[in-house]
Amino acid sequence: MHQSVLAYGRSRYLWAALAVCATAIGAYVLDSPGVPRNGGTWLGYTLGTLGAVLILWLMSFGIRKRAYASQAGTVQGWLSAHIYLGVSLLVVVTLHTGFQVGWNIHTLAYVLLWIVVASGVFGVLVYLRYPRLLSSNRGSQTKDQLLSDLADLDARCLRVTAGMPPEFGEALLANRDRTLLGGTAFALLAGQDRSQILLPVVGGATVLYQALPNPDQSALLDWLGQRLAASSDGGVSRQLQELLGLVGARRTLLGRLRRDAQLKAWLEVWLYVHVPLSFGLLAALIAHVLSVFIYW
Amino acid sequence: MTGTRYRIAIIGGGPGGLSAAAHAARLGISHVLLEGSPAHANTIQRYQKGKHVMAEPAALPLRSDLEFDAGTREAILGAWEQGLARQQINVRYGAEVTGIQGATPEFSITLRDGTAVSAEQVILAIGVQGNPRRIGVPGEDLPVVQYTLDDPDEYRDETIVVIGAGDAAIENALALARQNRVLIVNRSDEFNRVKEGNLKLVMKAIEDQRLECAYKSSCTRIEPASDGRRHVLTLAGDQGESRIECDRIIARIGATPPRRFVERCGIAFPGPEPAALPVLSSRYESSVPGLYVIGALGGYPLIKQAMNQGYEAVEYALGHTIEPADEPLLAAKFQVLPFILGVDDTLALMQARIPVYSAINPLNFRELILGSRIAAPAAGEVIFLKNDYTNSFFTILAGTVEIEVGEERKSRLTLGPGQFFGEMSLLSGRRRSATTRAGAGCVLIEAPRREINRLISSVEGVRRVIDEHFIARAIQTSFAPEASYDDLKAIAASARLRRYKPDEVIFTEGDEADSLHLIRSGSVAVARDIGGRDVVTSYVAAGNYVGEMGLVSRTGRTATVRATVTTETVSLDAATFHQLLEKNPTLRDQVQATVRRRLAENTRMAGQPESGDLISFLMQQGLGEATDVLLIDETLCIGCDNCERACAETHAGTSRLDREAGPTFAHIHVPTSCRHCEDPHCMTDCPPDAIGRAPNGEVYIRDNCIGCGNCERNCPYGVIQMAAAAPEKPGLLNWLLFGAGPGPGQARHGSDQGDKGPKKAVKCDMCRDVGGGPACVRACPTGAAIRISPEKFVQLIHDTTR
């Protein structure tokens, strides 16, 4: 049946990773090279080679993921191994450094490794937690269905305003057109609502419309509430109440859509760190290895 | 009307009729081709522009005076048009035939306009589409009324009335409503018998006031309006009469199947089933002497078959003897046989030897053999294994066949020449119930499921014999492995075949337990009343039985059992069942074990009512008839769509699954993807019989698909699409280093300009050509996508609601 990526194959790669770490730590403790422990000792080279091989293999996950016809295991198995062995890399490489750091290309590779692994761990946490939130938030609907519900609500709002004074039609039309979903990366990740609306400015003979921020439909709901409180025409009051109901539903729906986009953004954003920096790490690794051999 | 009497009149200007007329013209025979519509090949004219028409079966040579080869609709229609002119064919368009009286040499053919045509012989090639049903009110013939709609975008800003409440009417109304004012007239107070998707769309359009609907209304007359341009339609409804001024009336109230017309001509059918084919001789002659039936109406739906028959029918009508075009194909098939006989003699020998085939007319039998495989397996060779998903039907022409029956004992049942086997899977769509091996000198005829189903529905004798055997063997497999066939026959005689519609109750909790139901096809849901609420406690698939609990305990029914899909059961009455139990102590133990297991399951489910809801949900999605279904656990799915990409990449650029579409319940999502039904809806009407079933259950489409789209329409789950293969992608390095073409997982060039290549039906084939299992599941990074068979639903539900 369904199985989490961490539990894949009875967590066999967790045990593999623990074995790698235990062996590396054991060897490190038992090893007495006679010089301060560093990457240049026999054990240092061994751990360094192991680390480099692991990095290359971990990066080949990107190829396996896209080799759709490949019969080399399942992508889930590969990901499970990628996660556990990726974390074990921290232990292997830290021991390879012999805890010697400095302002050089070698430490740059080491720092990049930490950032890549940390972003990966963040990704795992997000993958474990957010799909459930996404599913609950969407209910049994798809994003397209939510969007079509939204279009539907907009059409119903405009049908109601067709029989009302013109400023209502203007406001609801502007509300539809100036509703923003998404926007900047920050707004997306923070779930911010930067929607606007045009509402009539009080006073004067000609009606002027002013753009106002309308997060969570609040400006529109306030305005409709004020108009309802001031209304003495029974017909208009009933229409206003209907509008309030529709706009309220619209607020809920927009909230769900925004939350959906937010969760999906978090599911993806870490990859923008993880993947480019892993290539940065690869470059630093090559520089590290070459420089070690050239300046030996 | 008196006039010339033609030697041959040909009715229907489709491929068969055209080919017949062309041959008659070339031979210089006096002839007339009567076509009801204003152009030739009416059905092909209605194909969408540029549609690629295939020329299956590829192995069959074309024998016609008209050209035909695979190509675009325009090329084929154009070639025929030229042929019509070149051969100087005497064709009368708009000549809708309403009746044929008489017999050779004096036929009188009456036309809709009241005139008559007389002929010595008649070739009927009207196909099976039928004529559109007319409104049946004064004014129905006015030009404002049309019965087809080719391009809805042709009309703009008109008031259009669509009459009808079926899928065609809804689809037309919705398309027209985009730029017209549309009223849909529905005789009933709701839209029933329409596809779920169409129902939703039409209800929404009505709610949004994009479309008006007149419920419980019917049209009483149509007359020109006072302005002389528009027309007035009078509707009678609940609130009396109303008059609607409109620019156009589109009637989509179905088509009259040609069956009644054909019967009125005096042509006999073997039985009342709608699928029955007219009785024909091996020369296409019907029960009316001199009246020949060819093409789809005679059971040959492919263009090339119909064209060959048109040619042959003219030859036969003239009293000539010619070798049918398929003769060499049959001769090649017969090479494995140990008989040195001609094709006709071999066919006669087969029919004489095999009783189940003896009642079939020679023409249908020839077609059956043409579609069948003839094999002479070596002794001991496996024909099929227990639990294979194949569903063909075998008859033994020579030698013997051994069937392994019984659970452990491996006792063997030997069948001899003339006997048949394989009917269990054929009828239930379930796995093979026993392993079968060839004996000495074995020669088999393996008939595909479609051909046999056609026979079952048209030849009463075949149906009866197969049903009797099915019941006896079903009882044998489930209850009496040791019993002899004669004993079984007595039990089978008291058994009843019953058929239930989806959601129909088979028995109700608390009723008297009077029978046991062995599920022959479909599946059932078992529900119990727990605290006043109907809770589904389990799902039982075909091949198992229900109702044993009440019988064993001799109490009333302990649960309510409903069919989840169309279901057939073999029911045994209580007395017979108790007799069986008394005779066979092992069986008693088995049944008691089943009762114990089900009681334990019931108790567990009663403690988890939410799991019952999940079963109900899965059954509502039609998974009761699934054999292998893709389910996504939404608590694991990150929405990366790697499954869809893997599917597209391994299947010519088109994903056969839509991850996001489809319903969700308790975080279990059922994406739009083939569930490989037990009794696949897509297989019902495939002209080239291109849909097959592999031993492990997958339903797949072969390359001889002609792209007609029937399977797409017949699939209730919307998992079949028509798509053209996308061009090959460049190699990985070429893409990576030189930016050539789309990279891995990216849409291929050309896949959006699908008109380029021929479109064929594509669907999930469980990656049968890829190896390693379904690519969608193997490509899922988080393990959210799994494919399971319904037997594992209980486990899934247990895991999910834990």
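Two residues are in contact if their C-beta atoms, placed from the backbone, lie within 7 Å. The model is predicted, so local features need pLDDT of at least 70 and side-chain atom pairs count only at pLDDT 80 or more, while totals for chains, interfaces and linings use all residues. Residues are numbered from 1 along each chain as its sequence is written, and chains are lettered from A and ligands numbered from 1 in the order in which they are written.

Chain A holds eleven helices and two strands. Helices (H or I, at least four residues) and strands (E, at least two) are DSSP runs, numbered from the N terminus. Along the sequence the pattern reads α-α-α-α-α-α-α-α-β-β-α-α-α. Chain A is more spread out than a compact globule, because its radius of gyration is 29 Å, well over the 19 Å that the globule rule gives for 296 residues. That radius is taken over C-alpha atoms, and the rule is 2.2 Å times the number of residues to the power 0.38. Along the principal axes, the C-alpha atoms fill a box of roughly 95 × 45 × 30 Å. Of the 296 residues, 26% count as buried, with 20 or more other C-beta atoms within 10 Å of their own, these atoms being placed from the backbone.

Chain A splits into domain 1 (8-139 + 270-294) and domain 2 (143-267). These bounds come from an automatic or database domain assignment. The domain centres, taken over C-alpha atoms, are 49 Å apart. Six residues of domain 1 are in contact with six residues of domain 2. On the domain 1 side, four are nonpolar, one is polar and one is charged. Ala, Val, Leu, Ile, Met, Phe, Trp, Tyr, Cys and Pro count as nonpolar, Asp, Glu, Lys and Arg as charged, and the others, Gly among them, as polar.

Next comes the partner chain. 24 residues of chain A are in contact with 36 residues of chain B. Helices H3 (61-66), H4 (75-97), H5 (105-138) and H10 (234-269) of chain A each give two or more residues to this side. H5(A) gives the most, with four. By class, the chain A side has eleven nonpolar, nine polar and four charged residues.

Chain B carries an open sheet of four strands in the order E29-E34-E31-E32, with antiparallel pairing. Strands pair if DSSP finds at least two bridges between them. The edge strands are E29 (505-507) and E32 (533-541) of chain B. Two bridges join E29(B) to E34 (residues 560-563) of chain B. Val505(B) has Arg562(B) as its bridge partner in E34(B).

How values were computed:
Buried ≥ 20, exposed ≤ 12 C-beta atoms within 10 Å, placed from the backbone.
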